[in-house]
Amino acid sequence: MTRKFENKVVIVTGGTSGIGLATAKAFSLEGASVFITGRRKEALEAAVRGIGGRVTGVQADMSKLVDIDRLYDAVQQKHAHIDVVFANAGGGEMAPLGAITEEHYEKTFATNVKGTLFTVQKALPLLRDGASIILTSSTTSVSGTPAFSVYSATKAAIRSFARNWILDLKDRHIRVNAVSPGVTDTAGLNELFGNGDQAENTKNYLASLIPAGRIGQPEEIAKAVLFLASDDASFVNGVELFVDGGQVQI
Ligand SMILES: NC(=O)c1ccc[n+]([C@@H]2O[C@H](COP(=O)([O-])OP(=O)(O)OC[C@H]3O[C@@H](n4cnc5c(N)ncnc54)[C@H](OP(=O)(O)O)[C@@H]3O)[C@@H](O)[C@H]2O)c1
C-alpha cells in the first residue's frame with residue numbers, strides 16, 4: 001500500500017520530544033524523509049534512533065538565524081525541495097504580570113515568534129509550490145491562563161502569521177495552517193507544572209475541566225498535523241485547528 005508521505009521531504013522543528021517527536025515518527029512511518037531539530041545533542045541523537053526510517057537530526061536553536069541556515073543547508077545536501085514544514089519548536093514559562101522580566105519576554109518571543117517566522121521564511125526558496133506549512137499555536141491563543149500571558153501572546157502571534165501568510169503565499173498555492181493543542185502530556189508540560197506529584201495533580205485538575213475528560217497525547221496532535229499536511233486537507237487554509245478535547249469551545 002502506498003504511504004501518504006512517500007518521497008516527501010518534511011521538516012519538524014523541536015522534533016526531539018513531545019508533540020514534535022510524535023509527529024516526526026508519524027511522518028516517518030508514512031514514508032517521509034524527515035529532518036528534526038532540537039538544541040540538546042543527546043536528545044537529538046536519541047530521537048533519531050527512536051524515529052527510524054529516513055530521518056536526519058540537525059542540532060539547532062530555532063531562535064538563531066545561523067542555526068536555521070544550517071538546517072536548510074543540511075536539507076539541500078540531500079534534497080532539492082521541501083514538501084512540508086512543521087514549525088513546532090517552542091515553549092514557555094510561568095510569570096504573572098508584575099513579575100515579567102525582560103529576559104522572560106525576550107526568550108519566549110525569540111523561540112516562539114522569531115523562530116517560527118524565520119523557520120518559515122528561510123524555507124521559502126526550497127518549498128515546492130503547493131507545499132504545506134503547519135505552525136504550532138496553542139489554545140492559549142484564544143483563552144486566558146494565569147501567569148501565562150507572554151507565552152499566550154506568542155501563540156496568538158503565531159495564529160496571526162497563518163492568516164497573513166496565506167495571502168503572501170497565495171500565488172504559490174502554499175497552504176498555511178495552525179494546529180492548537182490543548183493540554184498535552186509531554187515533557188515540556190510536566191516541566192511547566194513542576195514534574196512529579198505536583199505535575200500529576202495539575203494535569204488531573206485540568207483534565208476535569210476538559211469535555212473529553214482527559215488531557216491529550218502527543219500522537220493525537222500528530223494525527224491532526226499529518227491531516228493538515230496531506231492532500232486530504234487540500235482546501236483547508238489559514239485555519240486554527242484546535243486539538244484540545246473541546247476545551248476552548250465551552
Ligand atoms: N504540551 C502542551 O500542552 C502544549 C499545548 C499547546 C501548545 N504546545 C506547543 O507545542 C510545541 C511542542 O511542545 P511540547 O509540549 O511537545 O514540548 P517538549 O516536550 O518540551 O518539546 C519541545 C521541543 O522543542 C525543542 N525546542 C524548544 N526550544 C527550541 C529552540 N529554541 N530551538 C530548537 N528546538 C527547540 C525541544 O528540544 P530542545 O529542548 O533540545 O531544544 C523539544 O524537541 C511547543 O510549541 C508548545 O508551545 C504544547
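In the predicted model, helix H1 (residues 18-29) and helix H2 lie with their axes within 10 Å, and the two axes cross at roughly 35 degrees. The crossing by which H1 passes H2 is right-handed. On the H1 side, the contact is made by Leu 21, Ala 24, Lys 25 and Ser 28, which meet Ala 47, Gly 50 and Ile 51 of H2. By residue class, this contact of H1 with H2 comprises four nonpolar residues, two polar residues and one charged residue.

Another pair of helices is formed by H3 (residues 65-78) and H4, whose axes are 10 Å apart and which pack at an angle of about 35 degrees. Here, too, a handedness can be assigned: H3 passes H4 in a right-handed crossing. Helix H3 contributes Leu 65, Ile 68 and Tyr 72 to the contact, while Lys 114, Gly 115, Phe 118 and Thr 119 are the residues of H4 that they meet. The contact of H3 with H4 divides into four nonpolar, two polar and one charged residue.

The strands of the model are considered next. In general, strands of a sheet pair through backbone hydrogen bonds, in either a parallel or an antiparallel manner. In this model, seven strands form an open sheet with parallel pairing, and their order across the sheet is E3-E2-E1-E4-E5-E6-E7. Strand E3 (55-59) and strand E7 (240-243) are the edge strands, each of them pairing on one side only. On average, and with direction ignored, neighbouring strands of the sheet are turned by 20 degrees against each other.

Within this sheet, strand E1 (residues 9-12) pairs with strand E4 (residues 82-87) in the parallel sense, over three bridges. Ile 11 has Val 85 in E4 as its bridge partner. Helix H2 (residues 41-51) packs on the sheet, where it touches strand E2 (33-38) and strand E3. The direction of H2 makes about 175 degrees with that of E3. Helix H2 therefore takes part in two of the contacts described, since contact means heavy atoms within 4.5 Å: residues of H2 meet residues of H1, and H2 also touches strands of the sheet.

The empty space in the model was also examined. Rolling a probe the size of a water molecule over the atoms shows where empty space is left. One cavity of 30 Å³ or more is counted, and the largest cavity holds about 30 Å³ of space. Its lining consists of Thr 13, Met 62, Ala 87, Asn 88, Ala 89, Thr 111, Gly 115, Thr 116 and Thr 119. Helix H4 (residues 102-121) provides the largest share of this lining, namely four residues. Gly 115 and Thr 119, which line the largest cavity, also belong to the contact between H3 and H4. In the lining of the largest cavity, three residues are nonpolar, six are polar and none is charged.

The lining of the second largest pocket divides into four nonpolar, four polar and eight charged residues.

Methods
Residues numbered from 1 in each chain as written. Predicted model: local features only at pLDDT ≥ 70, side-chain atom pairs only at ≥ 80, totals over all residues. Heavy atoms only, no water. 1 Å grid on protein atoms, 1.4 Å probe; cavity = no way out; pocket = protein on both sides within 12 Å on 5 of 7 lines; lining within 4 Å. Points joined across faces, edges and corners; volume = space filled by probe spheres on them. Nonpolar A, V, L, I, M, F, W, Y, C, P; charged D, E, K, R; others polar. Pairing = 2+ DSSP bridges. Axes fitted to C-alpha atoms, helices over the stretch in contact; angles between N-to-C directions. Left-handed = near helix turned anticlockwise from the far one by under 90°.
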